[in-house]
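Please open the model in a viewer and keep the selection tool at hand.

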Amino acid sequence: MLKLENISLKIDGNPLFSRLNLEVNAGQVTTVMGPSGCGKSSLLAHLCGTLPSVFQTSGKIILHDRTLDNLPPHERKLGILFQDDLLFPHLSVGENLAFALPAKIRHQERRDKIEQALEEIELSGMYERDPASLSGGQRARVALMRTLLAQPEALLLDEPFSKLDQELRGRFRKQVFAHAVKNRLPTLLVTHDPADAKAAGGDILSL
Amino acid sequence: MATTIRTVSLLPAFPILTQLLFLLPIAAGLFGVLLPALGYLPDLGGNQFHFEIFSQLLEHPALPHAVWLTLFSGIIATILSLSLAVLLAAMLSRESLTGNKKNKKTSLFAIIRRGLIPLIAVPHAAMALGLAFLVAPSGWIVRWLSFLFMGWETPPEWVTVQDPFGLSLIFGLVLKETPYLLLMILAALQQIRAQEYIRIGQSLGYGNSLSWLKLVLPQVYPLIRLPVFAVLAFSLSVVDVALILGPTTPPTLSVLILRWIDDPDLSFRFLASAGAVLLLLLTLGSLIFWRFSEWLIFQKCRNWLSNGKRGNVNEVHNLAALSGSLLLGTAFLSLLGLAFWSLSLRWPYPLVLPQRWTSRNWERHWSSLQETAFTTLEVGVITGIIALFLVVGCLENEQWRSVRFSLRSQWMLYLPLLIPQATFLLGIQILAVRMEMDGTFLLLVWSHLLFVLPYIFLTLADPWRNLDARFPKIGQCLGASPLRILFHIKLPLLLKPLLVAAAIGFAVSVAQYLPTLFAGGGRFATLTTEAVSYAAGADRRVIGVYGFLQALFPWIALLLALAIPRWRFRNRAALL
């Protein structure tokens with residue numbers, strides 16, 4: 001369970017929002033909605049621990065039994081998907097996935113996991129492919145799989161559907177939510193598209 | 001960042017270490033030169049402080065002329081280089097605006113730019129050696145004139161190289177400094193939205209060039225002030241170019257200082273130290289004078305900026321085309337001349353091409369070439385690696401702790417480029433002799449680092465800061481530590497700027513003359529010190545061999561820096 005207690009965000013003393021309380025259960029998708037500039041992306045950055053220091057924050061983030069506030073970003077186990085797929089351009093498709101896979105999985109098992117993951121996103125045999133040569137939909141799927149392979153304990157979605165075209169969007173949305181349910185991940189979606197919120201099917205919060 | 005990370009908490013050490021490595025030798029150098037200038041140098045029997053050495057210096061018969069020459073050549077060279085660079089930059093941004101590929105004159109500027117920018121990597125000494133042959137009375141230009149029109153049997157009795165007014169020295173400096181300033185201006189143009197301002201100017205009825213002068217230049221100049229200062233300080237205190245192209249009786253102040261140091265009578269070291277202090281004062285005075293002139297010109301031009309006169313300044317177009325081509329042609333022919341000489345068996349006046357070609361010059365000097373080339377490589381590579389390590393540490397510190405590099409730090413980076421080399425390096429040498437550290441490899445690398453690090457920093461800082469910050473962020477969210485992000489995301493993504501910066505650092509190291517001579521205590525022969533020492537001899541074939549190889553070294557480094565990322569990322573479309 002992902003729990004936010006009394007989260008407040010200020011920039012230069014001006015509050016973006018204050019005393020936000022939220023609970024997301026395993027496998028559930030909660031949507032945060034609001035116009036651009038309301039601080040919804042900053043909220044996710046704060047959860048990840050990557051918010052620039054110009055922001056002042058208070059409150060408490062709890063994931064399962066851990067308090068995240070004092071953990072560095074790479075120890076928080078929060079997976080995030082952005083609007084852009086942000087596949088690393090210098091790595092192959094398979095290497096992008098391998099970057100996320102924990103180091104303790106080694107040798108043949110590591111390669112097998114990646115091949116299996118590629119198969120799951122219908123990209124079998126594309127380990128060596130240049131990410132720049134993939135279609136938009138394929139790239140989005142690689143980004144999703146990369147996030148999941150890092151074995152996160154919760155999923156954050158920062159408008160990851162908004163740049164996909166209409167048809168692709170619906171399909172990818174379904175895939176993402178299915179994975180969230182399957183892996184029992186508490187999921188927080190940030191969007192300004194009501195269709196996203198409707199598809200998520202969980203609680204909706206307006207900022 | 002709300003959280004501290006163990007590796008990140010080590011980062012503040014980098015800027016502190018870098019500052020120490022910079023300030024320590026400079027402070028020590030200034031100290032080390034000031035004491036003997038005031039008469040204190042116990043090793044040579046100076047136990048008391050007094051001002052007699054300065055009065056001795058001021059009464060020296062060669063001094064007034066040397067001072068005049070230094071100021072004249074340094075200031076004129078800076079004014080010319082800056083004007084040419086501004087002119088060419090204006091023409092270039094005009095071209096990128098109209099994008100008119102059919103116009104022959106505009107594409108000429110693209111060629112000039114492509115040709116000029118790589119000249120930054122050519123060591124000053126190599127360029128000067130090539131130029132010396134080109135413009136000498138028995139040089140290439142005269143030979144072609146004689147061959148085509150004049151039919152001179154003997155070389156004309158002109159004094160061109162080492163002329164008493166230092167004109168060839170000025171020319172040699174302009175040849176090297178214009179490309180550097182041009183690159184700095186082009187980089188600055190990207191920071192301000194130059195093209196938009198020109199469009200606004202045009203829509204208000206100003207011509208392209210005038211919009212550039214009235215709207216862009218006033219914004220660009222503050223951004224390139226430090227590089228201009230560095231050019232001025234360098235031109236005032238340059239030694240290798242002045243040895244090759246500058247007048248000899250008397251020479252410029254920096255060369256005079258070098259002569260006093262080389263004097264077998266060791267008591268001349270007092271005079272040399274006083275001369276070095278004077279050179280420092282002259283440089284500081286010139287920088288202040290330049291800053292004041294800037295201010296004055298700006299005051300005078302304020303009215304001109306907004307007087308509403310649209311006017312037409314199309315004449316400058318031809319002037320820019322002419323001077324740009326002249327620079328590029330001279331540089332190209334200078335280097336070609338070196339290559340030809342290195343391959344000639346006999347090339348007497350008035351032949352325009354060698355009478356017989358040979359590889360004998362290279363073979364004869366092969367073993368000593370190998371040795372000097374290896375020393376050059378060793379110093380350049382080791383210095384480059386240390387500088388890269390420090391620069392990357394400083395840039396990482398800046399990003400992880402979100403502190404911005406302050407203006408003060410930027411001035412500090414430029415400090416070794418603003419203080420005359422002859423001044424603080426002489427001081428370092430005097431102190432090093434006392435501490436029995438002179439002629440050590442450590443000191444040599446350290447002295448090169450002072451000049452290599454600023455250029456590596458300036459080359460790498462912008463690409464590093466402009467890297468899409470979301471890549472490291474997503475790396476963090478995937479569970480990667482800062483160190484893993486550095487090695488697996490940032491360094492590979494920035495491979496090209498990283499290697500280009502390393503190549504530029506290497507080129508700077510290769511070009512160093514005075515640091516190698518002073519900090520190396522004369523014990524390390526690099527391609528540059530050898531080339532300059534052969535310059536005094538008459539054998540142009542040997543000069544050709546050393547000069548050409550010296551020019552070739554940085555080129556190879558630069559080519560590798562461009563080729564390696566292309567090969568490494570041949571299957572990564574987004575990075576090509």
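Select N6(A) first. With 11 C-beta neighbours inside 10 Å, N6(A) counts as exposed; a residue is exposed if 12 or fewer other C-beta atoms, placed from the backbone, lie within 10 Å of its own, buried if there are 20 or more, and partly exposed in between. N6(A) is not a glycine, yet its phi is positive, about 50°. Its place is in strand β1 of chain A. Helices (H or I, at least four residues) and strands (E, at least two) are DSSP runs numbered from the N terminus.

Two remarks on the model are needed here. The model is predicted, and local features need pLDDT of at least 70, side-chain atom pairs count only at pLDDT 80 or more, while totals for chains, interfaces and linings use all residues. Residues are numbered from 1 along each chain as its sequence is written, and chains are lettered from A and ligands numbered from 1 in the order in which they are written.

Strands of a sheet pair through backbone hydrogen bonds, either parallel or antiparallel.

Colour chain A by domain. The assignment gives domain 1 (1-77 + 152-207) and domain 2 (89-151); such bounds come from an automatic or database domain assignment. The centres of the two domains, taken over C-alpha atoms, are separated by 24 Å. Where the domains touch, 8 residues of domain 1 are in contact with 8 residues of domain 2, contact being defined as C-beta atoms, placed from the backbone, within 7 Å. The side of domain 1 that touches domain 2 has 5 nonpolar, 3 polar and no charged residues. In this classification Ala, Val, Leu, Ile, Met, Phe, Trp, Tyr, Cys and Pro count as nonpolar, Asp, Glu, Lys and Arg as charged, and the others, Gly among them, as polar.

Next select Q151(A), in the loop between α4 (136-149) and β7 (154-158) of chain A. Q151(A) has a positive phi of about 55° although it is not a glycine. With 15 C-beta neighbours inside 10 Å, Q151(A) counts as partly exposed.

**Where chain A meets chain B**

Show both chains together. At their interface, 27 residues of chain A are in contact with 25 residues of chain B. On the chain A side, the elements that give two or more residues are β6 (78-81) and α2 (93-100). The largest share, 3 residues, comes from β6(A). By class, this side has 15 nonpolar, 9 polar and 3 charged residues.

Turn to chain B, which has 25 helices and 4 strands. Its C-alpha atoms fill a box of roughly 65 × 60 × 55 Å, taken along the principal axes. Of its 576 residues, 47% are buried.

Which residues have the most contacts inside the largest nonpolar core? They are L88(B), V391(B) and I456(B), in a core of 229 residues. A nonpolar core is a set of buried Ala, Val, Leu, Ile, Met, Phe, Trp, Tyr and Cys residues joined through C-beta atoms within 7 Å. Helix α10 (residues 208-237) of chain B gives the largest share of this core, 15 residues. The core also draws at least three residues from each of domain 1 and domain 2 of chain A. Select V391(B): leaving aside residues up to four places away in sequence, V391(B) touches L453(B), I456(B), F457(B) and L460(B).

**Two cis peptide bonds**

Finish with P250(B), in the loop between α11 (240-245) and α12 (253-262) of chain B. The peptide bond from T249(B) to P250(B) is cis, with omega near -5°. A cis peptide bond also joins Y349(B) and P350(B), with omega about 5°. P350(B) is found in the loop between β3 (344-346) and β4 (356-357) of chain B.

Technical notes: Two residues are in contact if their C-beta atoms, placed from the backbone, lie within 7 Å.
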